[in-house]
Amino acid sequence: MSDESPRAPSWFRSRSGLVLLAFLGIAVFFVIMEHTVHVLGILPYLLLLACPLLHWFHGGHRGGHGEHGRRGRGDNGGREGESR
């Protein structure tokens, strides 16, 4: 004889759990549908706000643009066979 008791179904598989999951799914659908216009309207401003961050993280904050060929490459900027 085994002493195993029957397992109770998980909460998500019970009737109230399935109703709650269905309600949450419907609510998420309507929230996404109603607020998509607001999110898409903000995207151009988010792109403009991303410009300073991209400039900072891609090295634009160091010394300016005139310093590209002068760091540790010798007299001709690292290009062999060229004369200025």
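Predicted model: local features only at pLDDT ≥ 70, side-chain atom pairs only at ≥ 80, totals over all residues.
Let's start at the end of the helix: H1 is followed by Gly59, a residue whose phi is positive, near 90°.

Now step back to the chain as a whole. The secondary structure amounts to one helix and zero strands, and the helix, H1, covers residues 15-57.

Next, follow H1 along its length. With 43 residues, a straight helix would reach 63 Å at 1.5 Å a residue, but the end C-alpha atoms of H1 are only 51 Å apart. Where does H1 bend? Look at His35, where the helix bends by about 45°.

Turn next to the nonpolar side chains. Trp11, Phe12, Leu18, Leu20, Leu21, Phe23 and Leu24 together make a nonpolar surface patch of about 720 Å². One of these patch members, Leu21, is found in helix H1. Is Leu21 buried, partly exposed or exposed? Its relative accessible area is 40%, so Leu21 is partly exposed, since that class lies between the 20% and 50% cut-offs.

Finally, have a look at the aromatic rings. The count comes to one aromatic pair. Phe29 and Phe30 form this pair, with 5.3 Å from centre to centre and 70° between the planes. That geometry is edge-to-face, because planes over 60 degrees apart are classed that way. How accessible are the two partners? Phe29 has 46% relative accessibility and therefore counts as partly exposed, while Phe30, at 48%, is also partly exposed.

Technical notes:
Residues numbered from 1 in each chain as written. Heavy atoms only, no water. Helix = DSSP H or I, 4+ residues; strand = E, 2+ residues; numbered from the N terminus. Patch = residues over 30% accessible without salt bridge, like charges linked within 9 Å, V, L, I, M, F, W, Y side chains within 5 Å. Areas by Shrake-Rupley, 256 points an atom, 1.4 Å probe, with all protein chains shown as cover. Salt bridge = Lys/Arg side-chain N within 4 Å of Asp/Glu carboxyl O. Buried < 20%, exposed > 50% of the residue type's maximum accessible area, 1.4 Å probe, protein only. Phe/Tyr/Trp six-rings, centres within 6.5 Å; stacked < 30°, edge-to-face > 60°. Expected span 1.5 Å × (residues − 1). Bend = angle between axes of the 7 residues up to and from the residue.
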